[in-house]
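Look over the sequence and the model, then read on.

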Amino acid sequence: MKTDILIIGGGLSGLALAYRLHQAGRDFQLIEARNRFGGRILSEASKKGSRFDLGPAWFWPGQPRILDLLSKLDIGYFTQYSKGNLVFQDQSGNIRRDINMATMEGAYRVRNGQQSIIDALVERLPQTCLQLNQQAHSITAIDEGAKVNLSDGEMEVNKAVLCLPPRLAAANIQFTPALDNNLSHKLTGTPTWMAAHAKFIAIYDAPFWREMGLSGDGISHIGPMVELHDASPDAPARDGAIFGFLGVPAEARKGQKDEIIQACTRQLITLFGEKAANPIDTFYEDWSEETLTATDADANSPQSHPHYHSIPIHDDIWRNRLIISGTETAPQFGGFLEGALEAGENAIHQL
């Protein structure tokens, strides 16, 4: 099979790039190694049909690309719930419920989960250009283009765009000839955002904490969840939900899913009372165990949000055949949804 442009990675960055190429009438194929599109965007449905984000949760004012894309796709969004007090638990276990602040006040959430964006993009693309369960194992420079060895066959392309975490590309794809040392070091030295994170969500019939004057925000110095937020949909009749980021290191979480879910539920009772004892549903996602997201180098989260950079290619052979993209290559909004779109925009300019 031959194509002009091969997009490797079917997350937001790859799909948004494909969407723009399709609008421009360009010849392309997009491959995704998973059995689903979305990458680190993953929304699970509750028994009532509400969808909850197990990957990124928010975007913010001042991020024009995601706002423009939502408008084009006719997808709604709403402001993160922030009314009421925050629950704070110190290292001794003491709890305060009188702190009037909201850590994510002003942030936006996508109506019915961020998976709505992925679904809408996939629906607008030719299905003949999209392939799931196709992983790129090697890329070899040939003539004016490259040959890509896939899980199922091979493809000849003029250009390949890597819309996946740089570390993942370096770990999983063999390049012939080998990438120069400088480029290899840049790929392996770029932290994958979210790769060490784990997230727990508890679903209830209603957001009962709001009646208690609480926003659903929580900070705990004991854990297992260290940061909590209201994850309820904007239709109050549907569900109530609280999610939390785990503070337990990735290595200590391995093989402990059931124990962690139980510990998180007990923590919610401690923070929000007995009404938290019986969630109607729970979701748990440990991104460090996703081999198509994280490498061994991603086991520990960066202490602060990394300052990401574009990764240009100076090698004469690969410069005309390869583009490094994905949210970790976005200089302004790297790691965010906006960064995924920024990276796709930069790839368009290079193409």
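I7 touches G14, L17, A18, L21, F28, Q29, L30, I31, V161 and C163, leaving out residues up to four places away in sequence. These contacts come from a predicted model. I7 also belongs to the largest nonpolar core, which has 36 residues. Together with L12 and I117, I7 is among the residues with the most contacts inside this core.

Which elements give two or more residues to this core? They are β1 (2–8), α1 (12–23), β2 (28–31), α2 (64–73), β8 (108–110), α3 (115–123) and α10 (337–350). α1 gives the most, with 7 residues.

**The open sheet**

Now the strands. An open sheet of 7 strands runs in the order β7-β6-β15-β16-β17-β14-β18. Its pairing is mixed. Why is one side of β7 (95–99) and of β18 left without a neighbour in the sheet? Both strands stand at the edges, and each has a single partner strand, so one side of each has no neighbour there. On average, neighbouring strands of this sheet are turned by 20° against each other, direction ignored.

Strands of a sheet pair through backbone hydrogen bonds, in either a parallel or an antiparallel sense.

| Strand pair | Sense | Bridges |
|---|---|---|
| β6 (85–89) and β7 | antiparallel | 3 bridges |
| β15 (214–220) and β16 (225–230) | antiparallel | 2 bridges |
| β16 and β17 (240–246) | antiparallel | 5 bridges |

F88 stands opposite R96 in β7. G218 stands opposite L228 in β16. D230 stands opposite I242 in β17.

β15 and β16 also form a hairpin, with 4 residues between the two strands. In the turn, G223 has a positive phi of about 90°.

The loop between β18 (281–286) and α9 (316–319) holds T295. Is T295 buried or exposed? T295 has a relative accessible area of 18%. Buried means under 20%, so T295 counts as buried. What does T295 contact, leaving aside its neighbours within four places in sequence? The contacts of T295 are R167, L168 and A171.

Technical notes:
Residues numbered from 1 in each chain as written. Predicted model: local features only at pLDDT ≥ 70, side-chain atom pairs only at ≥ 80, totals over all residues. Heavy atoms only, no water. Buried < 20%, exposed > 50% of the residue type's maximum accessible area, 1.4 Å probe, protein only. Contact = heavy atoms within 4.5 Å. Pairing = 2+ DSSP bridges. Axes fitted to C-alpha atoms, helices over the stretch in contact; angles between N-to-C directions. Core = buried A, V, L, I, M, F, W, Y, C linked by side-chain atoms within 4.5 Å.
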